[in-house]
Each structure stands twice: as structure tokens, then as C-alpha cells.
Amino acid sequence: MSVPVLVIEDEAPIRRLLRTSLSSQGFEIFEVATGAEALTALSHVKPDIVLLDLGLPDTDGLNIIRQLRAAKDNTPIVVLSARGEERSKVDALELGADDYVTKPFGIAELVARIRTALRHRVHEQGADPVYDHDGLHVDLTRRSVSLEGRAVHLSPKEYEILRLLVLHAGKVVTQRLLMREIWGAAGDIQYLRIYVRQLRSKLERDAQHPTRILTETGVGYRLIG
Ligand code: CA
């Protein structure tokens with residue numbers, strides 16, 4: 001069974017690239033080039049996932065996310081964004097996009113993002129409270145964290161940040177969301193950076209070159225997995 005994907009992108013070469021490379025990986029591609037065509041297509045096909053360019057000729061891609069989510073449509077959305085669009089990426093995530101890739105993107109990276117977004121959609125019904133990846137084990141029910149079998153002690157705020165990253169493992173979590181969840185309106189980016197640095201010093205093999213908690217510059221953090 002192939003997975004239906006709606007590609008909303010006005011650049012023909014990118015659509016062609018997506019069509020040829022994703023078709024061979026078990027995805028069935030439907031393509032449109034404008035926001036208007038996208039809305040028409042969405043009333044006919046029910047894609048499992050949407051790949052969305054933000055810079056469309058007739059509308060801002062953010063409007064498509066807004067319209068879908070306003071209509072209680074939870075189809076996963078992966079944004080295809082241009083370099084330097086950090087603010088748009090954050091806006092897209094806040095509006096309910098699941099993730100993004102930055103052009104020019106590799107197909108392997110895109111497929112990984114798609115699979116993560118699809119997996120999360122399945123898990124939403126019964127969220128898996130255990131994270132187990134590369135020696136790091138986090139059990140959200142028991143509130144326990146261990147690294148290579150040894151218990152790790154985290155402060156309440158460190159744990160809270162890790163918990164949010166685990167709930168979105170594989171996906172980017174915005175700085176804004178982390179600050180709002182942890183400090184409410186009074187969030188300060190400097191504090192967040194300090195806590196992330198502390199977390200890394202406890203969980204990374206080399207805190208200067210993190211391989212678990214990755215920085216998405218200008219956007220947020222991504223726990224691999
Ligand atoms: Ca475009």
C-alpha cells in the first residue's frame with residue numbers, strides 16, 4: 001500500500017525531484033502548484049501527509065496550515081522552507097506544522113522527517129511514554145532517566161525540558177514552546193540555553209558536539225530518535 005502525499009510547491013523542478021524520488025519509496029504523489037489548487041485537491045484526496053512550500057504564488061503557505069488546522073484537519077504537514085526563513089519555520093510549527101526541511105534538502109532527510117511525522121500521528125492515540133535511543137533511556141511514567149544503564153539525576157527544569165523533547169522525539173521543538181511550557185510568559189532565552197547546556201553536560205558524550213539534543217539554529221531543539 002502506497003502512502004498518499006500531497007505536494008504543494010510552485011517550483012516544477014522541486015516537484016519533479018519529489019515525484020521521482022518519493023515514488024520509488026512507497027509514496028503516491030499528488031502535486032499542486034498554488035494555494036487555490038491545494039484547497040481543491042484537499043477536498044478530493046485525503047493525503048496521509050502534506051509537503052508544503054511556504055512561498056506560493058497566490059498565498060503564504062502559512063495560510064494553508066492555518067486553514068487546515070482551523071478545520072480540525074490533523075494531516076501531518078512537513079514544510080519545505082528556504083534558508084534564512086527561521087521566523088516562518090517557527091510560525092509554521094506554532095500553527096501546527098509537524099516539521100520542516102530546509103532547501104536544498106536531501107531526500108533521505110526528507111523521508112526521515114516524513115516517517116517521524118507519520119509515526120507521531122499514529123502514536124497520538126496512545127502516546128508511548130518511553131524513549132530508548134543510543135543508550136539514553138527515559139521513562140515518562142516513572143520519571144526516570146538513565147544513560148548506559150546508570151541513573152541520571154536531573155533538576156526539575158532539566159527534566160521538564162527533556163520530557164518535552166521526548167514527547168516530540170525526532171521532531172523539532174521550538175524555543176518559544178519550551179519557554180512557554182516551562183516559565184509561562186516570562187520565558188528568557190538565556191535561561192533556556194543554560195538549562196539545555198546543563199542537560200547536554202549530563203546526557204551527551206561530548207557536550208560541545210551534541211549528538212542527542214541537536215540545535216536547530218534560530219528555531220529550537222531536536223532530540224534524535
Ligand atoms: Ca515557492
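## A quick tour of the fold and helix H4

The protein exposes about 11200 Å², and carbon and sulfur atoms supply 51% of that area. Keep in mind as you browse that this is a predicted model. Its secondary structure comes to eight helices and twelve strands.

**Overall shape**
- The radius of gyration is 18 Å, which agrees with the value near 17 Å that a compact globule of 225 residues would have.
- Along the principal axes, the C-alpha atoms fill a box of roughly 50 × 40 × 30 Å.

**Packing and charge**
- Buried residues make up 47% of the 225 in the protein.
- Among contacts with a separation of 6 or more, 60% are between residues 24 or more positions apart.
- There are 30 positive and 31 negative charges, and their mean positions lie 4 Å apart.

**A closer look at helix H4**
- Helix H4 spans residues 86-95, and its buried residues are Lys89, Val90, Ala92 and Leu93.
- These four cover an arc of only 160 degrees around the axis, which means they sit on the same side of H4.
- As background, an α-helix has 3.6 residues a turn, so residues three or four places apart point the same way.
- Just after H4 comes glycine 96, with a positive phi of about 120 degrees.

Methods: Residues numbered from 1 in each chain as written. Predicted model: local features only at pLDDT ≥ 70, side-chain atom pairs only at ≥ 80, totals over all residues. Heavy atoms only, no water. Helix = DSSP H or I, 4+ residues; strand = E, 2+ residues; numbered from the N terminus. Rg over C-alpha atoms; globule rule 2.2 N^0.38 Å. Buried < 20%, exposed > 50% of the residue type's maximum accessible area, 1.4 Å probe, protein only. Contact = heavy atoms within 4.5 Å. Areas by Shrake-Rupley, 256 points an atom, 1.4 Å probe, with all protein chains shown as cover. Lys, Arg positive; Asp, Glu negative; His and termini not counted. Charge placed at Lys NZ, Arg CZ, Asp CG, Glu CD. Arc of directions from axis to C-beta.
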